[in-house]
Amino acid sequence: MSLAARVPTAAGRGALRLYAGAPAGVRAHVHVRWWSAPFVPVADALPRAGRILEIGCGHGLFSAYAALAAPGREVVGVDIDPDKIRAAKAAARRWDPADGVGRLSFAVAPSGAVPPGPWDAVVVVDMLYLLPEAGQRRLLEEAVAALAPGGRLVVKEMGTEPRWKLRWNTWQETLSVKVLRITAGSSFDFVDPAETARWLEELGMTTATRRLDRGRLHPHHLLVGTLPG
Ligand SMILES: C[S@@+](CC[C@H](N)C(=O)[O-])C[C@H]1O[C@@H](n2cnc3c(N)ncnc32)[C@H](O)[C@@H]1O
């Protein structure tokens with residue numbers, strides 16, 4: 001992937017602008033997130049319209065981008081970290097009222113909680129790995145139970161291949177989660193995406209998987225599960 005592919009799109013620039021008044025640390029964090037995570041193909045996997053829930057939204061950049069990228073989406077982001085949700089809510093307040101206030105909102109939610117649906121889609125972006133494998137499976141089961149018929153579950157996590165990218169990512173997460181404590185959590189568990197897909201298939205979903213790591217140091221991976229309509 002070329003560097004040009006990481007330059008923020010118009011909606012990406014719009015989402016980043018929502019953080020213009022945020023503390024420097026938050027501004028830096030959201031810019032690093034844009035450059036390091038492939039938000040565009042992840043948002044493209046969401047329906048263009050409907051109610052969408054992001055679990056583990058952090059400062060809310062992906063939710064804001066997904067809402068700005070398609071005017072038919074109403075996006076709700078939840079996270080266990082009250083400081084991040086405070087920053088996300090401040091960003092949502094900066095949204096131009098003419099552009100549809102109410103399509104983007106945030107709330108603190110306890111670990112493992114899935115706000116009541118029905119949701120047209122639930123998305124998690126680099127969050128499941130902070131739960132133990134059994135907790136990941138439980139959360140996905142609850143997310144699927146909260147989906148409307150035909151609903152979609154979009155999971156962007158790190159894959160386990162190639163091994164050198166997994167090792168690089170594990171080193172970086174050790175720094176972020178255990179040393180610097182930038183991310184809430186005490187450990188991490190990278191599950192093989194084929195195994196995660198199998199859980200969703202057992203719940204009646206059809207699944208599609210795709211590597212998103214071309215030209216990137218991290219083994220980004222996308223899994224999309226769809227319920228029958
Ligand atoms: C690496 S950040 C990703 C944030 C955002 N999804 C993004 O892509 O920029 C992981 C987020 O998951 C949140 N998190 C960790 N455990 C969680 C849980 N059990 N329930 C909800 N959020 C959780 C953390 O607070 C953190 O904001």
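In this predicted model, helix 6, spanning residues 133-145, packs against helix 8, residues 193-202, at an angle of about 40°.

**Helix packing**

- Helix 6 passes helix 8 with a right-handed crossing.
- Helix 1 (residues 10-17) packs with helix 4 (residues 61-69) at an angle of about 130°, and the axes of these two helices lie 8 Å apart.
- That angle makes helix 1 oblique to helix 4, since an angle has to be over 145 degrees to count as roughly antiparallel.
- The crossing of helix 1 and helix 4 is right-handed.

**The ligand and its shell**

- The ligand is surrounded by 20 residues, and the closest are Arg33, Glu54, Gly56, Asp79 and Ser111.
- Sorted by class, this shell has nine nonpolar, five polar and six charged residues.
- Glu54 reaches the ligand through its side chain, where an N or O atom is 2.9 Å from a ligand nitrogen atom.
- Gly56 takes part through its backbone: one of its polar backbone atoms is 2.7 Å from a nitrogen atom of the ligand.
- Val125 also uses its backbone, with an N or O atom 3.0 Å from a nitrogen atom of the ligand.
- How much of the ligand does the protein bury? Taken alone, the ligand exposes 590 Å², and the protein buries 94% of that.

**Backbone details in the loops**

- Pro118 sits in the loop that runs between strand 3 (104-108) and strand 4 (119-125).
- The peptide bond from Glu161 to Pro162 is cis as well, with omega near -10°.
- Where is Pro162 found? Pro162 lies in the loop between strand 5 (147-158) and helix 7 (163-179).
- Asp126 is a residue other than glycine with a positive phi, near 50°.

Technical notes:
Residues are numbered from 1 along each chain as its sequence is written. This is a predicted model: local features need pLDDT of at least 70, side-chain atom pairs count only at pLDDT 80 or more; totals for chains, interfaces and linings use all residues. Side-chain values use heavy atoms; hydrogens and water are left out. A residue is near a molecule or strand if one of its heavy atoms lies within 4 Å of it. A polar contact is a pair of N or O atoms within 3.5 Å; within protein, one must be able to donate a hydrogen and the other to accept it, and residues adjacent in sequence count only if both atoms are side-chain atoms. Accessible areas come from the Shrake-Rupley method with a 1.4 Å probe; for residues, only the protein chains shown count as cover. Ala, Val, Leu, Ile, Met, Phe, Trp, Tyr, Cys and Pro count as nonpolar, Asp, Glu, Lys and Arg as charged, and the others, Gly among them, as polar. Axes are lines fitted to C-alpha atoms, for helices over the stretch in contact, and angles run from 0 to 180 degrees between N-to-C directions. Helices (H or I, at least four residues) and strands (E, at least two) are DSSP runs, numbered from the N terminus. A crossing is left-handed if the near helix is turned anticlockwise from the far one by less than a right angle, and right-handed if clockwise. Angles under 35 degrees count as roughly parallel, over 145 as roughly antiparallel, 65 to 115 as roughly perpendicular and the rest as oblique.
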